[in-house]
Amino acid sequence: MNQLNKGIIRAGEQPHKIALIVGAQGVIGRNLVDHLTTLLDWDIIGLSRRGGASTSRVRYVAVDLLDRDDTRKKLGDLTQVTHIFYAAYQDRPTWAELVPPNLAMLMNVIEAVEPIAPNLQHVSLMQGYKVYGGHLGPFKTPARETDAGHMPPEFMVDQQVFLENRQQGKNWTWSAIRPAVVSGFALGNPMNLAMVIAVYAAITKELGLPLRFPGKPGAYDKLLEMTDAGLLAHATVWAATDQRCANQAFNINNGDLFRWNEMWPKLARFFDLEVAPPLPMSLDVVMADKEPLWNAMVEKYGLEPHPYKDVSSWRFGDFVFSWDYDMFADGSKARRFGFHEYVDTEAMFLNIFNDFRQRKIIP
């Protein structure tokens with residue numbers, strides 16, 4: 001048995017389900033790994049550019065998914081994979097530039113694994129509200145899985161079309177999972193709103209300032225929702241293993257709505273900060289010179305020595321805080337199909353902030 005598959009099927013046991021998690025070091029992939037390791041009938045192979053420290057249940061593979069040859073070489077022995085969970089993402093400056101790399105990575109994975117994995121059962125694709133045009137401006141809310149598409153470019157749509165076409169006549173099925181803004185723990189992730197708020201608040205407190213909402217005028221009082229990364233992991237595995245969910249898309253959210261004008265003071269209290277009126281500002285600009293201050297805080301408070309760039313997602317924060325329109329979707333389809341978990345969003349934020357403190361990411 002090859003090294004990557006070694007030990008996955010144990011003597012005297014029924015074959016396990018073998019998950020290939022693509023993007024295993026991101027906030028979504030990490031929580032998928034954590035969840036699947038609690039389920040005894042799964043073993044996991046995690047793909048990322050950085051790799052990782054393998055355990056008895058999880059084997060990490062470092063691979064450049066944009067390199068077709070490297071992908072085929074690194075994945076060419078993964079014949080036992082039963083489920084592919086695709087959560088990889090490459091950031092680019094414009095919507096059009098996002099399409100080629102993100103479509104190519106998915107294609108490279110499927111084209112490398114599908115032909116050699118005879119027991120492949122399901123491919124799970126991670127999407128988001130960009131499918132509904134949520135990133136472009138005010139859109140129909142609540143968004144539903146049956147809503148009409150919008151003018152391209154949009155890599156998430158192209159990825160789904162690729163999967164739908166590839167799946168024709170095959171034994172495996174697919175699902176498309178559409179979360180709201182996902183919050184959880186991950187370092188070096190370009191889309192981590194909880195980290196944005198936590199580091200912004202920590203630096204604000206160090207400077208002796210009140211916590212101001214930095215978003216666009218109008219964004220402070222609009223309705224939006226979040227998706228807890230742990231909840232998302234549960235929903236993703238559910239959709240990948242419940243036959244009712246075959247070849248379906250699902251909105252997955254915490255189940256509650258909020259406005260920043262109510263949530264922001266609650267988050268400020270966690271950091272013992274006063275709240276001052278909102279002041280529109282680009283975090284990507286105003287936080288660009290804060291690396292020396294952050295490095296001094298790391299030393300002062302005995303924090304883990306993570307580089308400033310790995311705890312900064314300022315561009316994504318600006319994106320989320322620019323939504324001066326409602327941003328939410330209808331999650332009832334997942335409930336109708338059998339998924340009933342939910343998370344209180346305020347509790348989610350506070351639990352994540354506590355986790356950051358325990359990990360010594362923030363003071």
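The paragraphs below describe the fold of a predicted protein model, from its overall form to a few individual residues.

Local features are reported only where pLDDT is at least 70, and side-chain atom pairs only at pLDDT 80 or more, whereas totals for chains, interfaces and linings use all residues. Residues are numbered from 1 along each chain as its sequence is written, and side-chain values use heavy atoms, with hydrogens and water left out.

The protein chain contains 12 helices and 11 strands; here helices (H or I, at least four residues) and strands (E, at least two) are DSSP runs numbered from the N terminus. The C-alpha trace spans about 60 × 45 × 35 Å along its principal axes. The radius of gyration of the protein chain is 21 Å, which agrees with the value near 21 Å that a compact globule of 363 residues would have. This radius is taken over C-alpha atoms, and the globule rule is 2.2 Å times the number of residues to the power 0.38.

Of the 363 residues, 55% are buried. A residue is called buried under 20% relative accessible area, exposed over 50%, and partly exposed in between (1.4 Å probe, protein chains only). The chain exposes about 15,700 Å², and carbon and sulfur atoms supply 52% of that area; accessible areas come from the Shrake-Rupley method with a 1.4 Å probe, and for residues only the protein chains shown count as cover. Among contacts with a separation of 6 or more, 80% join residues 24 or more positions apart, where contact means heavy atoms within 4.5 Å.

The interior comes next. In soluble globular proteins, nonpolar side chains tend to be buried together. A nonpolar core is defined as a set of buried Ala, Val, Leu, Ile, Met, Phe, Trp, Tyr and Cys residues joined through side-chain atoms within 4.5 Å. The largest such core has 96 residues, and those touching the most other members are Leu193, Trp260, Trp294, Phe321, Phe349, Phe353 and Phe356. Helix H5 (residues 193–206) gives the most to this core, with 11 residues. A second, separate core holds 31 residues, including Leu47, Val81, Val109 and Val113.

Phenylalanine 349, in helix H12, is buried at 0% relative accessibility. Beyond its neighbours within four places in sequence, phenylalanine 349 contacts Ser183, Ile197, Met226, Phe258, Trp260, Met263 and Leu267. Serine 183 belongs to strand E7 (residues 181–183) and is buried, with a relative accessible area of 1%. Residues touching serine 183 include Val27, Leu193, Asp228 and Phe349, when those up to four places away in sequence are not counted.

In helix H1 (residues 27–36), eight of the 10 residues are buried, among them Val27, Asn31 and His35. Glutamine 160 lies in helix H4 (residues 155–167) and counts as buried at 13% relative accessibility. Leaving aside neighbours within four places in sequence, glutamine 160 contacts Leu125, Gln127, Trp174, Ala176 and Arg178. Glutamine 160 and proline 292 are 132 residues apart in sequence and 43 Å apart in space, C-alpha to C-alpha.

Most residues other than glycine have a negative phi, and most peptide bonds are trans. The bond from threonine 141 to proline 142 is cis, with omega near -5°, and the bond from proline 152 to proline 153 is cis, with omega near 15°. Proline 142 sits in the loop between strand E5 (122–126) and H4, and proline 153 is placed in the loop between E5 and H4. Aspartate 272 is not a glycine but has a positive phi of about 55°; it lies in the loop between helix H7 (260–270) and helix H8 (283–286) and is exposed, at 60% relative accessible area. Lysine 360, in the segment after helix H12 (345–358), has a positive phi of about 60° and is partly exposed, at 41%.
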